[in-house]
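Subject: Structure handover

Hello,

Here is the structure I promised to pass on. Please open it first, then read my notes below.

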Amino acid sequence: MKKYECPCGYVYDPEAGDPDNGVAPGTAWEDVPEDWVCPVCGLDKDAFTEI
């Protein structure tokens, strides 16, 4: 699965998810809720780029 990076440097890894913020491990980027934000800086999903 593809990873996505926030301008602040945080990388969303679908294998790890973001369980502390309600995104289970194994959740593809497309399935991350639209209201989810970067756990480091608070930017929206649209700020992320595929890496």
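This is a predicted model: local features need pLDDT of at least 70, side-chain atom pairs count only at pLDDT 80 or more, and totals for chains, interfaces and linings use all residues. Residues are numbered from 1 along each chain as its sequence is written, and side-chain values use heavy atoms, with hydrogens and water left out.

**Overall build**

The chain has 3 strands and 0 helices. Its order from the N terminus is β-β-β. Both element types are DSSP runs, numbered from the N terminus: helices are H or I with at least four residues, strands are E with at least two.

The C-alpha trace spans about 25 × 20 × 15 Å along its principal axes. For 51 residues, a compact globule would have a radius of gyration near 10 Å, and the chain agrees, with 10 Å. That radius is taken over C-alpha atoms, and the globule rule is 2.2 Å times the number of residues to the power 0.38.

The accessible surface of the chain is about 3200 Å². Carbon and sulfur atoms hold 48% of that surface. Areas come from the Shrake-Rupley method with a 1.4 Å probe; for residues, only the protein chains shown count as cover.

Of the 51 residues, 31% count as buried. Buried means under 20% relative accessible area, exposed means over 50%, and partly exposed is in between (1.4 Å probe, protein chains only).

Contact below means heavy atoms within 4.5 Å. Among contacts with a separation of 6 or more, 41% join residues 24 or more positions apart.

**The core**

Which residues make up the largest nonpolar core? There are 10: Tyr 4, Cys 6, Tyr 10, Tyr 12, Val 23, Trp 29, Val 32, Trp 36, Cys 38 and Phe 48. A nonpolar core is a set of buried Ala, Val, Leu, Ile, Met, Phe, Trp, Tyr and Cys residues joined through side-chain atoms within 4.5 Å.

Look at Tyr 12. Not counting residues up to four places away in sequence, Tyr 12 touches Lys 3, Tyr 4, Gly 17, Asp 18, Val 23, Thr 27, Trp 29, Val 32, Trp 36 and Phe 48.

**The cysteines**

The UniProt annotation "binding site", from an unreviewed entry, covers Cys 6, Cys 8, Cys 38 and Cys 41. These four span 36 residues in sequence, yet no two of their C-alpha atoms are more than 8.9 Å apart, so they gather at one spot. UniProt positions are given in the numbering used here, feature names are shortened, and annotations may be inferred rather than shown by experiment.

How many disulfides does a search of the whole structure find? The count is 0. Cys 8 is in no disulfide; its nearest cysteine sulfur belongs to Cys 6, 3.8 Å away. Cys 41 is in no disulfide either; its nearest cysteine sulfur is again that of Cys 6, 3.6 Å away. A disulfide here is a pair of cysteine sulfur atoms within 2.5 Å.

Cys 6 sits in the loop between strand 1 (4-5) and strand 2. Cys 6 is buried, at 2% relative accessible area. Beyond its neighbours within four places in sequence, Cys 6 is in contact with Cys 38, Cys 41, Leu 43 and Phe 48.

Cys 41 lies in the loop between strand 2 and strand 3. Cys 41 is partly exposed, at 39% relative accessibility. Apart from residues up to four places away in sequence, Cys 41 touches Cys 6 and Cys 8. Cys 8 is partly exposed, with a relative accessible area of 38%.

Three to check, starting with Glu 15. Glu 15 is in the loop between strand 2 (11-12) and strand 3 (49-50). Glu 15 counts as exposed, at 59% relative accessibility. Leaving aside neighbours within four places, Glu 15 is in contact with Pro 25 and Gly 26.

Asp 18 counts as buried, at 7% relative accessibility. Neighbours within four places aside, Asp 18 is in contact with Tyr 10, Tyr 12, Val 23, Trp 36 and Pro 39.

Asp 20 lies in the loop between strand 2 and strand 3 too. Asp 20 counts as exposed, at 74% relative accessibility.

Best wishes
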